[in-house]
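Thanks for coming. I will talk through one structure, and the sequence and the coordinates are on the screen.

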Amino acid sequence: SDTFFLGPKLEAYLPMSAGPVTFKVVINHVECEGLDPTPENGPEDDRDVEPTTNPYVTFSWPGRPQFKTKHLKGTLNPFYEDWEEQFYYSTRFPDQLRVKKILVSVFSWSRWKSHRKIGHCEVNLATIACGPLAHRRTLTAGNGDPAGIISFEIEMMEVVRSMKLEL
């Protein structure tokens, strides 16, 4: 099951009338466990199935370019110890963080064929903005089956909040 460490309450942190907010976002400590090496359409999809994969992870963030780790060769349990992304994310509507999500996907890199999607998970931005820092999620394959576990840290630190002044 998906687990995380609880943070502050969303309603207290993101008031509906708060106005524009800018966050500094840091993504790091990405690790996968027990990735499924089976091709998307089952073993008959690839005659040379080996119990390994060449995984990389992508983070698709609303309104931002996709962030991608390097691929690691021949592992079902990759750990990207030196990978980190930092950027700023601004929104005029912080209450919409409840419905905006990041998509975290794991692919198997291939030199000769298209890269195979192993699995994915989603996290809403409000969960990230309010805590927790550490996430551990089950990856879901295209057919709905579990495809492994992914752990990562995402921190959204508020750096600017513009308040509307009413006279």
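R136 is partly exposed, with a relative accessible area of 32%; the term covers the range between buried, under 20%, and exposed, over 50%, taken with a 1.4 Å probe on protein chains only. This is a predicted model, in which local features need pLDDT of at least 70 and side-chain atom pairs count only at pLDDT 80 or more, while totals for chains, interfaces and linings use all residues. Residues are numbered from 1 along each chain as its sequence is written, and side-chain values use heavy atoms, with hydrogens and water left out.

Back to R136. What does the side chain of R136 meet in a salt bridge? The partner is E33, at 2.6 Å from N to O. A salt bridge here is a side-chain nitrogen of Lys or Arg within 4 Å of a carboxyl oxygen of Asp or Glu. R136 lies in strand β8, residues 134-140, and E33 in strand β2, so the pair ties together parts 103 residues apart in sequence. Helices (H or I, at least four residues) and strands (E, at least two) are DSSP runs, numbered from the N terminus. E33 is also partly exposed, at 30% relative accessible area.

A search of the whole structure finds two salt bridges. K101 forms one with E122, and the closest N and O atoms are 3.8 Å apart. That pair links distant parts of the chain, with K101 in strand β6 and E122 in strand β7, 21 residues apart. K101 has 44% relative accessibility and counts as partly exposed; E122, at 43%, is partly exposed too. As a general point, side chains of opposite charge can pair when their charged atoms come close.

Now the overall layout. The protein chain has two helices and nine strands, and from the N terminus on the elements run β-α-β-β-β-β-β-β-α-β-β. Of its 167 residues, 39% are buried. For contacts, meaning heavy atoms within 4.5 Å, consider those with a sequence separation of 6 or more: 64% of them are between residues 24 or more positions apart. The chain exposes about 9,800 Å², and carbon and sulfur atoms supply 51% of that. Accessible areas come from the Shrake-Rupley method with a 1.4 Å probe, and for residues only the protein chains shown count as cover.

How many residues does the largest nonpolar core have? There are 33, and F59, W61 and I150 have the most contacts inside this core. A nonpolar core is a set of buried Ala, Val, Leu, Ile, Met, Phe, Trp, Tyr and Cys residues joined through side-chain atoms within 4.5 Å. Elements that each supply at least two residues include β5 (79-91), β6 (101-108), β7 (116-124), α2 (125-129) and β9 (146-161). The largest share, six residues, comes from β2. Not counting residues up to four places away in sequence, W61 touches V25, F87, Y89, I102, L125, I128, I154 and M156.

Y80 is in strand β5 and is buried, with a relative accessible area of 2%. A polar atom of the Y80 side chain lies 2.8 Å from the backbone oxygen of P55. Beyond its neighbours within four places in sequence, Y80 is in contact with V30, P55, Y56, V57, T69, K70 and L72. Y80 and C32 are 48 residues apart in sequence, and their C-alpha atoms are 9.0 Å apart in space.

Together with V159 and V160, Y88 forms a nonpolar patch on the surface, with about 280 Å² of accessible area. Patches are made of residues with over 30% relative accessible area and no salt bridge, with like charges joined within 9 Å and nonpolar side chains (Val, Leu, Ile, Met, Phe, Trp, Tyr) within 5 Å.

Then a loop residue. T53 is found between β2 (21-33) and β3 (55-60). Is T53 buried or exposed? At 2% relative accessibility, T53 counts as buried. A polar contact of 2.5 Å joins the side chains of T53 and S108. Polar contacts are pairs of N or O atoms within 3.5 Å; within protein, one must be able to donate a hydrogen and the other to accept it, and residues adjacent in sequence count only if both atoms are side-chain atoms.

Last, the backbone at H29. H29 sits in strand β2 and has a positive phi of about 50° although it is not a glycine. H29 is partly exposed, with a relative accessible area of 43%.
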